[in-house]
Amino acid sequence: EVQLSVEEDGGHFACSSRGAFERDKKGFPGDLAWLKFVFGSSAVAALDLVDQHSVTRIVSPSGRAVYQVLGSSGKLYTCYASCHFCTCPAFAFSVLRKNNSLMCKHILAMYLSQATGACQELSVSDQQLASILLAEEEEEGLGTMC
Ligand SMILES: [Zn+2]
């Protein structure tokens, strides 16, 4: 008799996807196939970002948190989990302007790293967090499509 338990059967996304990362970094074995089905090629890029530990969660004492994702071009993008926003040009173009995409690969990587516990944490002061957000605004418009 086969006994199925929820915990061992993909019920915990964190456990099952972490195993998948270790098995095959670029592929979509088993339970990760839906990612590619829903998100297309950006799922591949997002998995790469998570795999390379490019996602950092920055928290301040007041409880505010933003995510910084190191894009493949080497540029740092800021993602806001609370309002579903990313500072990269791809988000501005395909999500905000053309409305043909749900999210960019950075936001997807942010959610994936949350789910798998793969993101690094960085604690900063409220002032430091403010200057991170301000610096990001000044750089706007300089990036290339990611
Ligand atoms: Zn982005």
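Biologist: Before we start, what are the ground rules for numbering and for a predicted model?

Modeller: Residues are numbered from 1 along each chain as its sequence is written. This is a predicted model, in which local features need pLDDT of at least 70, side-chain atom pairs count only at pLDDT 80 or more, and totals for chains, interfaces and linings use all residues.

Biologist: How do you know which parts the predictor is confident about?

Modeller: We read the pLDDT, the predictor's confidence in each residue, from 0 to 100. The protein chain averages 76, and 71% of the residues score at least 70. Confidence is highest in S1, at 95, and lowest in helix H1 (residues 7–11), at a mean of 39. Over residues 1–25 the pLDDT is below 50, and this stretch has 23 contacts beyond near neighbours in sequence. Residues 141–146 also stay under 50.

Biologist: Why is His53 called exposed?

Modeller: The scale counts other C-beta atoms, placed from the backbone, within 10 Å of a residue's own: 20 or more is buried, 12 or fewer is exposed, and in between is partly exposed. His53 has 12 such atoms, so His53 is exposed. His53 is found in the loop between H4 and S1, and its phi is near 55 degrees, a positive value in a residue other than glycine.

Biologist: And why does His84 count as partly exposed?

Modeller: His84 has 14 C-beta neighbours inside 10 Å, so His84 counts as partly exposed. His84 sits in the loop between S3 and S4, and also has a phi near 55 degrees. Phe39, in helix H3, is partly exposed as well, because 18 other C-beta atoms lie within 10 Å. For the whole protein chain, buried residues make up 26% of the 146 residues.

Biologist: What puts the buried residues of H4 on the same side?

Modeller: In helix H4 (residues 41–51) they are Ser42, Ala43, Ala46, Leu47, Leu49 and Val50. They cover an arc of only 155 degrees around the axis, so they lie on the same side of H4; the arc is that of the directions from the helix axis to the C-beta atoms. An α-helix has 3.6 residues a turn, so residues three or four places apart point the same way.

Biologist: What do these residues of H4 pack against?

Modeller: They pack against helix H3 (33–39), strand S1 (55–59), strand S2 (65–70) and helix H6 (105–116). Contact means that the C-beta atoms of two residues, placed from the backbone, lie within 7 Å.

Biologist: What makes a set of residues a nonpolar core, and which members touch the most others?

Modeller: A nonpolar core is a set of buried Ala, Val, Leu, Ile, Met, Phe, Trp, Tyr and Cys residues joined through C-beta atoms within 7 Å. The largest has 24 residues, and Ala46, Val50, Val55, Val69, Cys79 and Ala109 touch the most other members. The elements giving two or more residues to this core are H4, S2, strand S3 (76–80), helix H5 (89–97) and H6. Contacts of Val69 include Leu49, Val55, Cys79 and Ala109.

Biologist: Why are S4 and S5 called edge strands?

Modeller: Two strands pair if DSSP finds at least two bridges between them. The five strands form an open sheet in the order S4-S3-S2-S1-S5, with mixed pairing. Strand S4 (85–86) and strand S5 (120–123) each pair on one side only, and these are the edge strands.

Biologist: How do you know that S1 pairs with both S2 and S5?

Modeller: Four bridges join S1 and S5 in the parallel sense, and five bridges join S1 to S2, which run antiparallel. Arg57 stands opposite Glu121 in S5, while Val59 stands opposite Ala65 in S2. S1 and S2 form a hairpin with five residues between them, and Gly63 in the turn has a positive phi of about 95 degrees.
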